Amino acid sequence: MAEEAPLPSRRPTPAVPEAGLSHVRVLELAGGVGIAWAAKLFADLGADVIRVEDGNDAVRSRPHDVHRWLNSNKRSVWSLSNELIGGADMVIHDRRDLPDLRQQNSQLVVLAFTHFGLTGPYAHYDAAEINVIHASSWGNLSPGGATDPDLPPLKAPGHHANINVASVAAIVALAATERAAVSGQGEHIDFAAVAAAAKMTEVAPATVSFLGVEASRLGTRTVVPWRIFQCTDGLLQLICPEQSQWEAFVELMGSPEWASLEVFATGPDRTQNADVLNMYLAEWFADQQADEIYHASQAARIAVTPVNTMAQLETNEHFAERGFFATTPDGLKLPGPGFQIDQPWWHLAAEAPDAGAHDGEGWRHRTGGADHGEAAAATRGRRPLEGVRVCDFTWIWAGPFCTQILAHLGADVIKLESPDHLCMFRRLPLNPPDSPPPAHDTSGLFQLYNSDKRSVGIDLSHPDAAEVVARLVAISDVAVDNFGVGVMDRLGFGAEQLRAINPDIVIASLSGYGSTGPCAEYAAYGPAGGAFAGLYASNGYEDGSALETGVAVGDPCTGITAAWAVVASLSARRHSGIAATIDVAMTEAVAATVGEGWMQYVTDGRSPARIGNHDPIWSPHNCYPAQGDDEWVAIACTDERMWQSLCTVVDPGLATRPEFAGAADRKRHETELDAAISAWTQTRDRWQITDELQAVGVTAFPSLAAHELWTGDPHFEARGMLERPHHPLTGDRVVPGVPWRLRDGPNGLRRPAPLLGQHTVEVMTDVLGYAPDAVGDLITRGVVQEPATAHTD
């Protein structure tokens with residue numbers, strides 16, 4: 001590696017000097033979209049991010065100047081140097097064979113963000129985004145409610161899976177960097193994108209592990225109506241999970257005669273007769289104006305959402321009032337962050353640099369570090385967020401997914417649960433058939449997203465609950481909620497009240513549309529995020545209709561975004577003393593990740609077309625039929641070498657056909673190329689195809705079904721993703737583990753999801769300092785509650 005002489009540093013000036021993450025220094029070893037996105041998260045909050053572009057960069061080759069979105073706020077150099085390594089806090093890369101850089105900097109945190117991770121049976125496999133999404137079972141679950149088994153499982157547009165899981169990787173890396181700043185000990189993080197994507201697959205792991213039933217994209221949805229409908233001037237998504245919502249929508253439609261038919265009377269009736277119901281609804285929507293129905297439905301508390309195109313996003317009134325879009329100094333309009341914060345830390349301070357534009361500038365030397373004494377030594381070998389306490393008001397999915405990430409990182413997450421207003425995930429019937437009552441403690445869906453937490457049963461509406469909450473808030477670092485806008489204020493625990501109790505607490509509120517703006521109080525379930533943010537409009541098969549991604553990506557994307565904002569705010573608080581208040585809107589969290597589609601719109605003036613499993617420039621790139629019923633394999637050639645290697649296995653004659661001579665030729669003749677490859681794949685087992693192509697360096701991997709992952713996948717088993725924490729009521733069932741492995745810290749789950757109120761007495765006495773008799777009195781008066789059954793950890 002070349003040596004550089006230290007020269008004065010020029011870097012983008014943060015919005016406020018020494019604010020946000022301006023104290024963090026990151027090296028990004030240029031590679032794929034995932035690590036570019038992870039590094040961008042740091043850069044946009046003021047971190048000094050230097051991109052090392054040594055010939056492995058796939059981002060600059062993406063069409064529509066995607067690099068201008070992913071590389072804003074960064075510096076760029078051509079080569080890695082000892083000086084750069086020695087001055088960095090963190091290195092982010094996606095390479096499988098990088099030497100251990102911590103030998104040159106013991107405090108360095110190295111994030112190895114690879115598709116399958118650095119260990120396990122599949123660690124040596126090459127992969128692209130299409131393989132990540134299909135290997136995680138996410139692809140096999142998409143599109144939800146599919147009716148044609150001859151159509152392949154569907155990849156989400158762009159690099160949506162890698163971008164979301166790269167955000168999780170960034171959270172882990174920043175948390176580890178915080179630990180390193182205090183302890184003086186760095187960390188190496190082995191992060192598997194496939195594992196993180198699999199952890200986002202909604203109900204699928206619980207369906208397999210707790211019910212013994214396969215999760216599939218095929219068949220009728222459990223909630224009906226739930227579908228995208230065409231109006232006269234656009235698309236709308238309708239979801240009615242509650243009977244009252246269906247009845248309100250019937251009234252909004254003018255109570256047509258067909259809606260009173262007995263076959264549509266109840267939820268199960270509507271599910272059983274979904275085809276007929278959707279036909280009637282499609283006829284009704286076809287005569288309506290989308291914007292009018294959207295606002296009228298929301299006024300009646302019905303979850304109707306526009307399926308926006310990129311052009312509609314640009315002119316959206318709600319986004320405009322919240323100031324979602326931002327502009328780089330060279331005039332490029334880009335999606336903003338997935339969160340708003342009451343500090344001016346996020347800023348587009350510099351446009352994307354040319355490759356190597358900052359060669360010769362050197363690196364700022366450290367101005368000083370922590371005193372790594374005895375207290376610091378005590379933090380070594382611990383989980384990165386050990387010592388952080390989280391007051392958790394969350395329920396359902398988005399909020400619990402946020403706090404679960406914090407819990408996996410070592411935070412003490414104390415979940416406040418009201419027995420009279422149980423989390424929907426506790427109430428949904430995903431209980432093992434042989435499980436004992438109470439059912440709210442045996443739901444597999446709740447167990448998926450609440451491991452590693454403690455539970456306090458508390459009636460938040462009780463007048464005496466305020467004192468209990470205040471005691472917890474006073475000694476907490478973070479408070480997180482995802483109730484509807486205004487609910488926390490009505491309970492007496494709004495941001496102002498929490499701040500009055502503890503001026504140093506980081507506060508994060510998650511909601512569908514955010515706490516401000518004309519749509520702030522609109523209803524939004526998880527699928528609404530992908531609809532509103534422009535993802536679903538470009539998701540689907542060529543020449544087909546807009547489809548959902550199978551996983552209600554709005555929920556996990558919002559939870560991930562909130563977790564990132566929380567960890568970044570904790571880092572900023574340590575450095576500046578400022579405790580932030582965070583407002584996370586699901587619509588913005590998803591919209592922040594669709595920059596590839598946005599860049600096509602601003603470059604070409606057109607919203608992205610639906611292209612199925614294809615890629616804008618790479619071909620072949622598809623999910624191909626293999627031997628067997630509903631068996632598929634995802635194959636991608638991302639460079640000329642892979643194409644030539646594929647030909648040697650599939651058919652050497654393909655390499656000599658003029659219509660396949662170059663990348664542009666193969667893209668123009670993609671239909672013929674897909675047919676030729678399909679003729680070969682459909683006569684072979686998908687694992688045989690994978691082994692043959694991987695042996696010559698071609699990215700290939702089966703589109704796995706959920707049961708294949710969660711009933712004993714050897715790679716997931718080897719990487720600790722098939723955890724079996726003992727639950728006192730449901731036993732040792734598989735739940736998703738932790739998708740990263742620390743080299744110098746503990747790994748794996750610490751505890752199963754809690755019973756309702758399992759830790760009430762423990763927290764009240766050991767954490768909040770109540771005397772045992774005082775706790776007994778609060779239990780007697782119904783302020784707090786113990787579990788209905790004997791509890792264990």
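Asp481 stands opposite Ser509 in strand S17. The structure is a predicted model, in which local features need pLDDT of at least 70 and side-chain atom pairs count only at pLDDT 80 or more, whereas totals for chains, interfaces and linings use all residues. Residues are numbered from 1 along each chain as its sequence is written, and side-chain values use heavy atoms, with hydrogens and water left out. Helices (H or I, at least four residues) and strands (E, at least two) are DSSP runs, numbered from the N terminus.

Strand S16 (residues 478-481) pairs with S17 in the parallel sense over 4 bridges; two strands are taken to pair if DSSP finds at least two bridges between them. S17 is also joined to strand S18 (residues 581-585) by 5 bridges, and these two run parallel. The bridge partner of Ser511 in S18 is Ala585. S17 (residues 506-511) is largely enclosed by the rest of the structure, because 5 of its 6 residues are buried. Buried here means under 20% relative accessible area, exposed means over 50%, and partly exposed lies in between (1.4 Å probe, protein chains only).

Strand S14 (residues 412-417) is mostly covered, with 6 of its 6 residues buried. Asp412, Ile414 and Leu416 point one way from S14, while Val413, Lys415 and Glu417 point the other way. Strand S13 (residues 389-392) runs parallel to S14 and is joined to it by 4 bridges, with Cys391 opposite Ile414. The chain passes from S13 through helix H15 (residues 398-408) to S14 in a right-handed β-α-β crossover. A crossover is right-handed if, with the strands pointing away from the viewer, the path from the first strand over the helix to the second runs clockwise.

Neighbours within four places in sequence aside, Phe191 is in contact (heavy atoms within 4.5 Å) with residues including Leu111, Phe113, Val165, Val172, Pro739 and Trp740.

Helix H24 (residues 595-604) is mostly covered, 7 of its 10 residues being buried. The buried residues are Gly595, Glu596, Gly597, Trp598, Met599, Gln600 and Tyr601, and they pack against helix H2 (66-70), helix H12 (310-314) and strand S11 (333-334).

Asn278 lies in helix H10 (residues 274-285) and is buried, with a relative accessible area of 12%. Apart from neighbours within four places in sequence, Asn278 is in contact with Arg227 and Phe229. Gly145, placed in the loop between helix H4 (129-135) and H5, is partly exposed, with a relative accessible area of 33%. Residues up to four places away in sequence not counted, Gly145 touches Arg217, Gly219 and Arg221.

Grid points are joined across faces, edges and corners, and a volume is the space filled by probe spheres set on the points. By this rule there are 5 cavities of 30 Å³ or more, and the largest cavity has a volume of about 210 Å³. The largest cavity is lined by 21 residues, of which Trp37, Leu41, Gly338, Phe339 and Ala592 are the closest to its centre. Helix H1 (33-44), H5 and helix H22 (554-576) are the elements that give two or more residues to this lining.

The second largest pocket has a volume of about 850 Å³. Its lining comprises 33 residues, the closest to its centre being Gly32, Asn56, Asp94, His115 and Ala127. H1, strand S5 (109-114) and helix H25 (640-650) each supply at least two residues of this pocket lining.

Note on methods. On a 1 Å grid over the protein atoms alone, a cavity is a set of points where a 1.4 Å probe fits but cannot get out, and a pocket is an open set with protein on both sides within 12 Å along at least five of seven lines; lining residues have an atom within 4 Å of a point.
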